[in-house]
Amino acid sequence: MYLKIFTALFLLSAGLFGFSSYALYTILRIWMFIFSLVSAYSYYKIKQKFHLYIFVFIAILFNPIIKISFNKNSWQVIDIIIGIFLLALALKNYTVSKRAN
């Protein structure tokens, strides 16, 4: 859960404020690619296909090897949307785990 929150805040800071260097965007791209692949695998293991497909799509979008190019404004919107999605997912997982206990 904390990893989702950290990743969401990383994305939201990129989307809302932007980064001053291209290196931070590269780190964000690599981080999101790895995070999305690990998340997709974890959802594959628990057979949640919807989340699996979402995270595979995010991994393709942030792929650092074969880059998908958008302008800066488009990337900021994408970062904000995915950041909000991750925060909502973390909140959902938190409330579900609280109910289970």
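In helix H1, Leu3, Lys4, Phe6, Thr7, Phe10, Leu11 and Ala14 meet Leu24, Tyr25, Ile27, Leu28, Trp31, Met32, Phe35 and Tyr43 of helix H2, where contact means heavy atoms within 4.5 Å. By class, this contact holds 13 nonpolar residues, one polar and one charged; Ala, Val, Leu, Ile, Met, Phe, Trp, Tyr, Cys and Pro count as nonpolar, Asp, Glu, Lys and Arg as charged, and the others, Gly among them, as polar.

The model is predicted: local features need pLDDT of at least 70, side-chain atom pairs count only at pLDDT 80 or more, and totals for chains, interfaces and linings use all residues. Residues are numbered from 1 along each chain as its sequence is written, and side-chain values use heavy atoms, with hydrogens and water left out.

H1 covers residues 2–16 and H2 residues 22–45; helices are DSSP runs (H or I, at least four residues) numbered from the N terminus. Their axes come within 11 Å and cross at roughly 145 degrees. Such axes are lines fitted to C-alpha atoms over the stretch in contact, with angles from 0 to 180 degrees between N-to-C directions.

H2 also lines the second largest pocket, giving the most to its lining with seven residues. A pocket is an open set of points on a 1 Å grid over the protein atoms alone, where a 1.4 Å probe fits, with protein on both sides within 12 Å along at least five of seven lines; lining residues have an atom within 4 Å of a point. Among the lining residues here are Leu3, Lys4, Trp31, Phe35 and Tyr43.

The largest pocket is lined by 13 residues, with Tyr22, Tyr25, Arg29, Phe70 and Trp75 nearest its centre. H2 and helix H4 (72–100) each give two or more of them.
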